[in-house]
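Here are my notes on the model you sent over. Have the structure open while you go through the points.

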Amino acid sequence: TYAFCAPSRQSIMTGRLPIHVNEQNSVCAGMPLGMTTIAQKMRTAGYKTHFIGKWHCGFASAASTPARRGFDRTLGFFMKAHHHFSHCSHVRRKQCRVAPDGSGRE
């Protein structure tokens with residue numbers, strides 16, 4: 001069992017079993033750069049590719065980010081626990097005050 005969702009996400013992106021994609025069970029490590037993603041394959045076939053949502057497939061270097069892993073456009077974030085209305089990450093939670101109705105900052 002994996003402690004994070006990252007191995008599953010990376011498995012879907014590469015078409016490989018999680019143990020072969022993310023041996024360290026790490027969020028930051030990401031997919032090995034030598035592995036081709038489904039987005040890279042689709043781009044090669046002439047499709048436009050877009051990524052929306054939580055990446056969680058590596059961000060330790062620019063080469064690990066969605067723009068460098070085959071996506072033409074990206075709208076999302078790298079880490080977990082991101083508040084969709086205030087755009088505050090779990091790291092800055094104390095600095096961000098969210099209105100009771102969830103509509104943004106108070």
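**Notes on the model**

1. Let me start with the aromatic side chains: Phe 51, Trp 55 and Phe 71 form a cluster through ring pairs. Rings of Phe, Tyr and Trp (the six-membered one for Trp) pair if their centres lie within 6.5 Å; planes under 30 degrees apart are stacked, over 60 edge-to-face, and the rest tilted. The whole structure holds three aromatic pairs. Trp 55 and Phe 71 are edge-to-face, because their ring centres are 6.0 Å apart and their planes stand at 90 degrees. This pair links distant parts of the chain, 16 residues apart, with both Trp 55 and Phe 71 in the loop between β1 (50-54) and β2 (73-77).

2. A word on provenance. This is a predicted model, in which local features need pLDDT of at least 70 and side-chain atom pairs count only at pLDDT 80 or more, while totals for chains, interfaces and linings use all residues. Numbering runs from 1 along each chain as its sequence is written, and side-chain values use heavy atoms, with hydrogens and water left out.

3. What is the pattern along the sequence? Reading along it gives α-α-α-β-β, that is, three helices and two strands. These elements are DSSP runs numbered from the N terminus (helices: H or I, at least four residues; strands: E, at least two).

4. How much of the chain is buried? Of its 106 residues, 32% count as buried, meaning under 20% relative accessible area, with exposed over 50% and partly exposed in between (1.4 Å probe, protein chains only). Trp 55 is buried at 1% relative accessible area, and Phe 71 is buried too, at 8%.

5. Now the core. The largest nonpolar core has nine residues, among them Phe 51, Trp 55 and Phe 71, along with Met 13, Met 31 and Ala 39. Such a core is a set of buried Ala, Val, Leu, Ile, Met, Phe, Trp, Tyr and Cys residues joined through side-chain atoms within 4.5 Å. As background, nonpolar side chains in soluble globular proteins tend to be buried together.

6. Have a look at Met 13, which sits in helix α1 (residues 6-14) and is buried at 11% relative accessible area. Leaving out residues up to four places away in sequence, Met 13 is in contact (heavy atoms within 4.5 Å) with Met 31, Thr 36, Thr 37, Ile 38, Trp 55, Cys 57 and Phe 71. The C-alpha atoms of Met 13 and Ala 39 are 7.6 Å apart, although 26 residues separate the two along the chain. Beyond four places in sequence, Ala 39 contacts Thr 49, Arg 69, Gly 70 and Phe 71.

7. Beyond four places in sequence, Thr 37 touches Met 13, Met 31 and Arg 69.

8. Last, confidence. Mean pLDDT (the predictor's confidence in each residue, from 0 to 100) is 76 for the chain, and 65% of the residues reach 70 or more. Residues 91-100 have pLDDT below 50, and this stretch has 17 contacts in the model beyond near neighbours in sequence. Residues 102-106 also stay under 50, with 19 contacts beyond four places in sequence.
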